[in-house]
Amino acid sequence: MAGIKRASDGQASAAKRTKQDVLSRDLLKAMEKDELILHILSLQSQILTTSHQALPSPPATPGLTPEEVHHKASKARDMMAKGIKSQMKWKPSCKTGGARFSYSGVVASPQVFLKLFRLGADWKKKQLQFDPADFQHTTGTDISTSIRYGRLNVTGKNVTVRWVPNESTFTVTGSYSL
């Protein structure tokens, strides 16, 4: 008896129908009001369950050891320098100092950000500004790139670093010229 299936009358209940297949316009028009309401409610519950599953949970930020913080900060520093250098291309505005760069980065934790820019643990602001020479000294990298007949360097009044603590992201903006 295990191989024999039960005969179907051809009509599935509204709950079964919504889980099995997508309903056509004609089937929706033929449904009664109660069946439509059940169909809408089941679709809403499916949307809610899939949207909750699709949302990533925020990553747990365990306490990093000082060695890990140093390693992640040096890696972020190298990536930042490389990202800024990749944006430094010759433009006519390089003659006047109006060429701009903007680099956005993500760090593992606020400790890494503080180490990256050599800030104290009590620093709580969301923005800081560096003189271009201080920025290169603080980050410990030479951010310049060679062009055909010269070099492009970070210049201007200041380099601005914006910090978004709840997302652990930062943005570095500034200008460069010959």
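A contact here means heavy atoms within 4.5 Å. Where pLDDT is low, the predicted coordinates should not be read in detail. Across the protein the average pLDDT is 77, and 81% of the residues score at least 70.

Residues are numbered from 1 along each chain as its sequence is written. In this predicted model, local features need pLDDT of at least 70, side-chain atom pairs count only at pLDDT 80 or more, totals for chains, interfaces and linings use all residues, and side-chain values use heavy atoms, with hydrogens and water left out.

The protein has 6 helices and 5 strands, in the order α-α-α-α-β-α-β-α-β-β-β along the sequence. Helices (H or I, at least four residues) and strands (E, at least two) are DSSP runs, numbered from the N terminus. Of the 178 residues, 31% are buried; buried means under 20% relative accessible area, exposed over 50%, and partly exposed in between, with a 1.4 Å probe and protein chains only. Among contacts between residues at least 6 apart in sequence, 63% join residues at least 24 apart.

Helix 4 can be followed in more detail. Its 22 residues (66-87) should span 32 Å at 1.5 Å a residue, and the end C-alpha atoms are 32 Å apart, which agrees. The expected span is 1.5 Å times one less than the number of residues. The buried residues of helix 4 are Val 69, Ala 73, Ala 76, Arg 77, Met 80, Ala 81, Gly 83 and Ile 84. They cover an arc of only 165° around the axis, which puts them on the same side of helix 4; the arc is that of the directions from the helix axis to the C-beta atoms.

| Element | Residues |
|---|---|
| strand 1 | 99-106 |
| helix 5 | 110-116 |
| helix 6 | 132-139 |
| strand 5 | 169-177 |

On the face turned away from the buried side, helix 4 carries the exposed residues Glu 67, His 71 and Lys 82.

Rings of Phe, Tyr and Trp (its six-membered ring) pair if their centres lie within 6.5 Å; planes under 30 degrees apart count as stacked, over 60 as edge-to-face and the rest as tilted. By this rule there are 8 aromatic pairs. One of them, Phe 130 with Phe 135, is tilted, at 6.0 Å centre to centre and 55° between the planes. Phe 130 and Phe 135 are both buried. Ring pairs link Tyr 103, Phe 113, Phe 117, Phe 130, Phe 135, Trp 163 and Phe 170 into a cluster.

Note on methods:
pLDDT is the predictor's confidence in each residue, from 0 to 100.
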